[in-house]
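Here is a short briefing on one protein chain. Look at the sequence and the structure, then read the points below.

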Amino acid sequence: MNAPESKRELSPKEVVSRLEADVQQLEAAIDELRSRLRKEETRHSDELRQFAYAVSHDLREPLRMIASYSQLLDRRYTNQLDKDGREFVGFIVDAVHRMERFLADLLAYSHQFRPLEGPPSVIDSEVVLEGVLLAIAKEVREGNAQITHDPLAKITFDFERLTQLFRQLITNSINFRGPDLPRIHISASETDYETIFSIRDNGIGIDPRYHDQIFGIFRRLGGRESPGTGIGLAICKRIVEQQGGRIWVESEEGKGATFRFTVPK
């Protein structure tokens with residue numbers, strides 16, 4: 001009596017054929033999952049951008065009105081205000097300016113969730129850096145910062161996002177200065193599969209306990225007195241990861257910091 005077909009031993013050719021069919025089904029399932037994830041990410045990204053734009057748009061008008069009337073109050077009634085009154089007006093104006101910066105950074109963060117308009121092109125990162133240094137020349141001059149760099153490589157990256165990345169990391173180094181004048185150096189090294197950029201400074205440094213936390217949105221280790229809105233490094237992280245790279249910091253408190261990010265080849 002012949003064995004049932006289900007129990008029949010498969011030939012090597014049949015095994016390969018069934019494995020190929022299984023692989024094709026798995027690849028199809030993975031492709032469908034990727035497609036759904038992309039659609040879901042796009043949907044959530046669009047919702048986040050719309051929310052950030054609505055919040056920014058709706059709040060900026062009343063903020064401008066508060067600032068305008070505070071300044072008008074200060075000009076018209078400055079002789080009637082005592083020292084405390086003038087100080088209170090200053091607090092209001094300063095708070096409005098902080099909120100405006102926060103809204104601008106929130107909008108900038110939401111824009112990083114936009115899909116890239118096209119594949120990244122090959123760009124000269126040294127040219128991008130030189131453009132950034134020209135754009136922030138006033139901040140560099142006012143901060144008495146010395147900025148140097150090694151020759152930098154050509155990489156595959158989005159030009160606008162690399163500009164934003166360099167600018168954020170360099171201005172952070174200027175703002176979080178130590179007791180000495182800011183000294184910032186930008187360099188790059190290459191491996192077989194990635195380029196590693198480094199931005200090293202002599203600033204206040206960061207306790208190793210907080211190295212991961214600082215890349216989260218709204219993370220401000222210095223509290224309200226520290227410069228910035230707590231969004232800048234979150235933007236940097238989003239930019240780097242969107243390009244397929246990694247970003248981290250090497251630092252100790254009081255000993256400066258070196259921010260590194262990678263760009264895949």
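**Briefing: a mixed sheet and its surroundings**

A hairpin of three residues links strand 4 to strand 5. Strands here are DSSP runs of E with at least two residues, and helices are DSSP runs of H or I with at least four, both numbered from the N terminus. This is a predicted model: local features need pLDDT of at least 70, side-chain atom pairs count only at pLDDT 80 or more, and totals for chains, interfaces and linings use all residues. Residues are numbered from 1 along each chain as its sequence is written, and side-chain values use heavy atoms, with hydrogens and water left out.

**The chain as a whole**

- The chain holds six helices and seven strands.
- Along the sequence they follow the pattern α-α-β-α-α-β-β-α-β-β-α-β-β.
- The chain has 265 residues, and 33% of them count as buried. Buried means under 20% relative accessible area, exposed means over 50%, and partly exposed lies in between (1.4 Å probe, protein chains only).
- Take the contacts between residues at least 6 apart in sequence: 71% of them join residues at least 24 apart. A contact means heavy atoms within 4.5 Å.

- Five strands make an open sheet with mixed pairing, in the order 2-4-5-7-6. Two strands pair if DSSP finds at least two bridges between them.
- Strand 2 (146–149) and strand 6 (247–251) are the edge strands, and each pairs on one side only.
- On average, neighbouring strands of this sheet are turned by 20 degrees against each other, direction ignored. Axes are lines fitted to C-alpha atoms, for helices over the stretch in contact, and angles run from 0 to 180 degrees between N-to-C directions.
- Helix 3 (residues 125–135) packs on the sheet and touches strand 2, strand 4 and strand 5. The direction of helix 3 makes about 170 degrees with that of strand 2.

**Pairs of strands**

- Strand 4 (residues 183–190) and strand 5 (residues 194–201) pair in the antiparallel sense, over seven bridges.
- In this pairing, Ser189 stands opposite Ile196 of strand 5. Glu190 stands opposite Thr195 of strand 5.
- Strand 2 and strand 4 pair in the parallel sense, over four bridges. Thr148 stands opposite His185 of strand 4.
- In a regular strand, side chains alternate between the two faces of the sheet.

**Salt bridges**

- The structure has eight salt bridges. A salt bridge is a side-chain nitrogen of Lys or Arg within 4 Å of a carboxyl oxygen of Asp or Glu.
- Asp158 and Arg161 form one of them, at 3.7 Å from N to O. Arg161 is buried, because its relative accessibility is 6%.
- Glu241 and Lys237 form another, with the closest N and O atoms 2.8 Å apart. Both residues lie in helix 6 (residues 232–242), four residues apart, about one turn of the helix. Glu241 is partly exposed at 44% relative accessibility, and Lys237 is partly exposed at 29%.
- Glu252 and Lys255 also meet in a salt bridge, at 3.5 Å from N to O. Glu252 is partly exposed, with a relative accessible area of 42%. Lys255 is exposed, because its relative accessible area is 63%.
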